[in-house]
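Please look over the sequence and the model shown here before reading the notes on helix packing and on a few single residues.

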Amino acid sequence: DAVVALGVSAAGPAAAAPGRRGMETLNWAKLPEHLVVAIGMEAFESHIFAVFSASCAVQLARYLAFDQTLGMVRSYFSEGGGANLLILIWSLAYRALVLRRARRLVTADRARYDAEWDALAAGPGGSSFLLQLRDAAAAAALHGPSQCTACIPGISNIQPKPRQMTRHITTEESTSMADPQRGSKGIIPPSLCHSSIFTVSRQVSSTTGSWRSPCLPQQLVPLTNLDVLYVQAVLIHPLLVEKVRSWAAVSRGLFPRNGPAWVGRLGMVCPEEDLLAAFKWARIKGVIRAIEKILRIYHKDVSRLVDVCRQSIVFDDLPSMIDCLHVIAIDPDVEVLRVKNRLDPTFDPAQSAGYRDILLSIRISTAETCSLGVDLHVCELQLLLRSFFTLKSDEGHLRYVSFRNLRSE
């Protein structure tokens, strides 16, 4: 629509009657407002209200520049400028009502989370433990790339935003990897297509050998293929589960369980029970939700989607969570790219409808992840308190999904 309007505006002067230079000039003056719409819709689609506001402002400025009389107002409204302005005002008002409705949806849930937070902060040693937790989160944030710095309290931080990266492979390297004389190790055998995600990575590693080139310093570029991102997530998922289990074992961490008990420790599981079946491990993020985030939040940038593969650990108290952060900070296989500390007292709970936790964006670099080519894949680890975990419910989650959708998040 913007392209058509741009063409019509540009053709206006050519269609003007001979000798009507003033009309031709006025028609050419319409070009900037259509340029604003055309460029804005293409480059700033997620900020459509701002684009529309700029178009109305440019249109009004055109009339102010070419007509200083009272007839300017009549001309402005007769050519559709008033309609555009009214549509903009109605859109902004409707958006405000939608945001108000979103806040009302989660009012009760936020009240429960806020009450739990107040009880936590007012409890024995609560303030002291929260400060220790902030220091531990900052220390974990330093356990990453040299360019990363400690996180600022709350969800905002000065660390670079983590991105999914991939190694740039030249044409010569690509030809060498596909050389039949050397064997094609980049193809997953058909027999593994229906394997469980908890065993596929090891089957790939043992069956195909080195699936990707080893971890060598190469040029890194942002990953742009969503299919490749999901293949990486499936391969690294069982390795993340192993890491999470090891961290929980030394920090008194808990996991959601299948059965009557909501959470439990790995040591509480009977030997004959299958650990993978006894607990509710987080699944790979749904494709529909992934596409929503890419379009709504990340401006079609696939590389910014860093929570496709994720896990969580539940803790009874803050000291256990602090211990877990210390364990992660000294793990040589882990690179912490970012820490979002929503358990910081300065965090604004309106951003999360009152819910609080700690989110870590991490990479796992081991011989196995290198052989599978997933050592650059960014995973998400959620650390949360049991008191907040037990407040979560299916109905509450549905309300939060509606809250998130109304806010276009």
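Predicted model: local features only at pLDDT ≥ 70, side-chain atom pairs only at ≥ 80, totals over all residues.

Residues are numbered from 1 along each chain as its sequence is written, and side-chain values use heavy atoms, with hydrogens and water left out. Helices (H or I, at least four residues) and strands (E, at least two) are DSSP runs, numbered from the N terminus.

**Helices α8 and α14**

- Helix α8 packs against α14 at an angle of about 15 degrees, with the axes 9 Å apart; axes are lines fitted to C-alpha atoms, for helices over the stretch in contact, and angles run from 0 to 180 degrees between N-to-C directions.
- The two helices α8 and α14 are therefore roughly parallel to each other, given that angles under 35 degrees count as roughly parallel, over 145 as roughly antiparallel, 65 to 115 as roughly perpendicular and the rest as oblique.
- The crossing of α8 and α14 is left-handed, a term used if the near helix is turned anticlockwise from the far one by less than a right angle, with right-handed used if clockwise.
- Residues in this contact (heavy atoms within 4.5 Å) include Phe129 and Leu133 of α8 and Ile322 and Leu325 of α14.
- By class, the contact of α8 with α14 has 13 nonpolar, three polar and no charged residues, where Ala, Val, Leu, Ile, Met, Phe, Trp, Tyr, Cys and Pro count as nonpolar, Asp, Glu, Lys and Arg as charged, and the others, Gly among them, as polar.

**Helices α11 and α14**

- Helix α11 (residues 226-251) packs against α14 (residues 318-329) at an angle of about 130 degrees, with their axes 9 Å apart, and the pair is therefore oblique.
- Helix α11 passes α14 in a right-handed crossing.
- The contact is made by Trp247, Val250 and Ser251 of α11 together with Ser320, Asp323, Cys324, Val327 and Ile328 of α14, and these residues divide into five nonpolar, two polar and one charged.

**Helix α17**

- Within α17, the residues Gly396, Val401, Phe403, Arg404 and Leu406 are buried (under 20% relative accessible area, with exposed over 50% and partly exposed in between, for a 1.4 Å probe and protein chains only).
- Just after α17, Ser408 takes a positive phi of about 60 degrees.

**Leu142**

- Leu142 lies in the loop between α8 (126-141) and β1 (165-167), and it counts as exposed because its relative accessibility is 53%.
- The C-alpha atoms of Leu142 and Val339 are separated by 9.5 Å, although the two residues are 197 residues apart along the chain.
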